[in-house]
Amino acid sequence: MKPVAYEYLRAAELAEIYTALHQDEGDIRPVSGAQSLGPMLNLRLSRPSLLVDLRHVPALRAVQDHGDAYSYGAAITHATFEDGLVPDAGNGLMRHVAGGIAYRPVRNRGTIGGSVAHADPAADWISTLLCLDARLQIGNGKTQRLLPVDGFMLGGFTTQLEAGELLERIVVPKVSAQARWSYHKICRKTGEFAKAIGAVMLDAGRGYARIVCGAIETTPIVLEEASALLLKQGVAAALPAALAEIDQRLAARPELARQMYRTAVKRALAGLEGKLA
Ligand SMILES: Cc1cc2nc3c(=O)[nH]c(=O)nc-3n(C[C@H](O)[C@H](O)[C@H](O)COP(=O)(O)OP(=O)(O)OC[C@H]3O[C@@H](n4cnc5c(N)ncnc54)[C@H](O)[C@@H]3O)c2cc1C
């Protein structure tokens with residue numbers, strides 16, 4: 001199938017985007033890499049009257065250094081992270097994750113902001129950014145709000161973004177040089193969407209540890225008790241707690257799925273242990 005006919009605006013600055021998004025008539029949608037929106041257009045699941053292209057707005061492609069955090073423009077591509085062209089607040093985690101998304105043509109066009117806004121539970125950035133305790137800077141042209149990643153996704157493909165709003169920036173606290181991380185994605189083929197994700201960050205210098213279980217058909221979850229144990233007592237104590245938390249919190253899921261979540265988190269923790277040795 002082909003998309004319905006729509007107008008296209010290549011925005012050059014933020015104000016132009018908001019003027020377009022706030023028009024009274026029609027279904028007006030922002031578009032970044034079009035790697036998720038494109039198929040939806042072709043299937044006519046989305047029938048916009050106007051697409052507003054975000055990719056050529058310098059503010060949405062820039063990185064800002066806030067001292068204790070980097071803020072990344074929403075239209076930065078996965079490939080830009082993969083190629084190390086922007087600093088990595090996660091001490092290599094963001095670069096690693098970006099390089100495992102799909103294959104290179106998708107990474108050349110797909111963006112971090114598009115991925116978060118699209119809110120596919122199986123996507124890599126949402127779990128990674130939760131692991132890094134990132135914040136999302138959302139604007140409407142007049143005001144800004146800063147939301148934690150935790151809670152931004154209300155469910156699969158549903159977020160707290162409101163009509164006329166744009167995800168402008170992703171603010172990621174910088175981990176210390178001693179921080180160690182591990183990321184394990186279970187998928188059928190390299191570069192495919194995940195069936196299960198385990199993401200782990202241990203930054204003892206900052207008193208921070210987080211274990212995330214993702215690709216669970218809804219928003220990813222922080223394994224809170226296991227994260228606290230990881231910080232205080234290390235991987236050996238955290239592992240059984242993480243597995244128990246998965247069994248308890250995802251009790252309604254089929255055993256096969258739970259087995260994949262347990263395995264992803266177990267392998268992520270094993271990867272972390274290897275880096276600590
Ligand atoms: C074959 C294939 C394999 C893939 N494999 C993976 C994978 O393994 N892991 C993974 O994580 N992803 C994967 N993806 C998805 C890919 O990462 C996309 O880049 C991403 O999901 C969407 O980013 P985009 O920039 O293309 O967004 P778009 O497709 O342009 O937009 C997606 C949605 O978000 C909205 N939007 C875009 N930007 C903003 C913004 N700044 N503010 C508000 N709303 C916005 C759009 O209106 C649209 O509704 C895959 C895609 C393909 C085609």
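Trainee: In which helix does N108 lie?

Mentor: N108 lies in helix α5, residues 104-109. The model is predicted.

Trainee: Why is N108 called partly exposed?

Mentor: N108 has 15 other C-beta atoms within 10 Å. A buried residue needs 20 or more and an exposed one has 12 or fewer, so N108, with 15, falls in between and is partly exposed.

Trainee: What does N108 contact, leaving aside neighbours within four places in sequence?

Mentor: N108 is in contact with T77 and A79.

Trainee: Where is H22 found, and what makes H22 count as partly exposed?

Mentor: H22 is in the loop between α1 (14-21) and β2. It has 13 C-beta neighbours inside 10 Å.

Trainee: How far apart are H22 and G164, in sequence and in space?

Mentor: They are 142 residues apart in sequence and 5.9 Å apart from C-alpha to C-alpha. H22 touches G164 and also G141, not counting residues up to four places away in sequence.

Trainee: Why is A226 called buried?

Mentor: A226 has 26 other C-beta atoms within 10 Å. The cut-off for buried is 20 or more, so A226 is buried. A226 is found in helix α8.

Trainee: What does A226 touch, not counting residues up to four places away in sequence?

Mentor: A226 touches I211, A238, A241, A242 and E245. Two of these, A238 and A242, are listed with E245 among the buried residues of α9. By contrast, the C-alpha atoms of A226 and T80 are separated by 33 Å, with the two 146 residues apart along the chain.

Trainee: How do you know what α9 spans against the expected value?

Mentor: Helix α9, residues 235-249, has 15 residues and reaches 20 Å from its first C-alpha to its last. At 1.5 Å a residue 21 Å is expected, and the value is close to that.

Trainee: Why are the buried residues of α9 said to line one face of the helix?

Mentor: The buried residues are V235, A238, L239, A242, E245 and I246. Seen down the axis of α9, they fall within an arc of 140 degrees, so they line one face. An α-helix has 3.6 residues a turn, so residues three or four places apart point the same way.

Trainee: What is exposed on the other side of α9, and what covers the buried residues?

Mentor: A236, P240 and Q248 are exposed on the other side. The cover over the buried residues includes β13 (208-214), α8 (224-233) and α10 (255-276).

Trainee: What makes α7 count as largely enclosed by the rest of the structure?

Mentor: Eight of its eight residues are buried, so α7 is largely enclosed. They are D124, W125, I126, S127, T128, L129, L130 and C131. D133 follows α7 and has a positive phi, near 55 degrees.

Trainee: Which residues have the most contacts inside the largest nonpolar core?

Mentor: They are L129, I170 and M201, in a core of 79 residues. Helix α10 gives the most to this core, seven residues. I170 touches L129, and its other contacts include I112, V116 and L136, with residues up to four places away in sequence not counted.

Trainee: Why is F157 called exposed?

Mentor: F157 has 12 other C-beta atoms within 10 Å. Exposed means 12 or fewer, so F157 at 12 is exposed. F157 is in the loop between β8 (153-155) and β9 (158-159), and its phi is positive, about 60 degrees, although it is not a glycine.

Trainee: How many residues surround the ligand, and which are the closest?

Mentor: The shell has 31 residues, and S32, G33, Q35, G110 and G114 are the closest. The elements that give two or more residues are β2 (28-31), α6 (112-118), α7 (124-131) and β10 (166-173). The largest share, five residues, comes from α6. By type, the shell divides into 16 nonpolar, eleven polar and four charged residues.

Conventions: Residues numbered from 1 in each chain as written. Predicted model: local features only at pLDDT ≥ 70, side-chain atom pairs only at ≥ 80, totals over all residues. Helix = DSSP H or I, 4+ residues; strand = E, 2+ residues; numbered from the N terminus. Expected span 1.5 Å × (residues − 1). Arc of directions from axis to C-beta. Contact = placed C-beta atoms within 7 Å. Near = placed C-beta within 6 Å. Nonpolar A, V, L, I, M, F, W, Y, C, P; charged D, E, K, R; others polar. Core = buried A, V, L, I, M, F, W, Y, C linked by C-beta atoms within 7 Å.
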